[in-house]
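Please keep the sequence and the 3D view at hand while reading the points below.

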Amino acid sequence: MYIVPMEMPKNCNNCPFGMLNYNHPLWSDRGYNKDFSKIDGEENKIGTHGYTCNVDFQKNGRYTKVLRAGIDEDIQKPDWCELKETK
């Protein structure tokens, strides 16, 4: 469990433990080489961005997940997030 001495972040892209892994903002009508993540093997699609979590890294000794969302969307906090709010 990690205690954050601030307001609990609602999105991974606003969290101090989140780190931008990739950002592919532009759509292309032409063919493109597909980009696959070396972390989880999934495709990093055009028009999306992905974050990794340093809490995941501390727990597992390596990054195991890339959290993805559309380029204009926030990445919602996943259920497995170990950050807890204190009052």
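Lys65 is partly exposed at 32% relative accessibility, a class that lies between buried (under 20% relative accessible area) and exposed (over 50%), using a 1.4 Å probe and protein chains only. The model is predicted, so local features need pLDDT of at least 70 and side-chain atom pairs count only at pLDDT 80 or more, while totals for chains, interfaces and linings use all residues. Residues are numbered from 1 along each chain as its sequence is written, and side-chain values use heavy atoms, with hydrogens and water left out.

**Asp56 and Lys65**
- Lys65 forms a salt bridge (a side-chain nitrogen of Lys or Arg within 4 Å of a carboxyl oxygen of Asp or Glu) with Asp56, and their closest N and O atoms are 3.9 Å apart.
- Asp56 counts as buried, at 3% relative accessibility.

**Lys59 and Glu82**
- Lys59 forms a salt bridge with Glu82, with the closest N and O atoms 3.1 Å apart.
- Lys59 is exposed, having a relative accessible area of 56%.

- Asp40 and Arg68 form a salt bridge in which the closest N and O atoms are 2.8 Å apart.
- Asp40 is partly exposed, with a relative accessible area of 25%, and Arg68 is also partly exposed, with a value of 24%.
- A network of salt bridges links Asp40, Glu42 and Arg68.

**Overall count**
- By the salt-bridge rule, the count comes to four.
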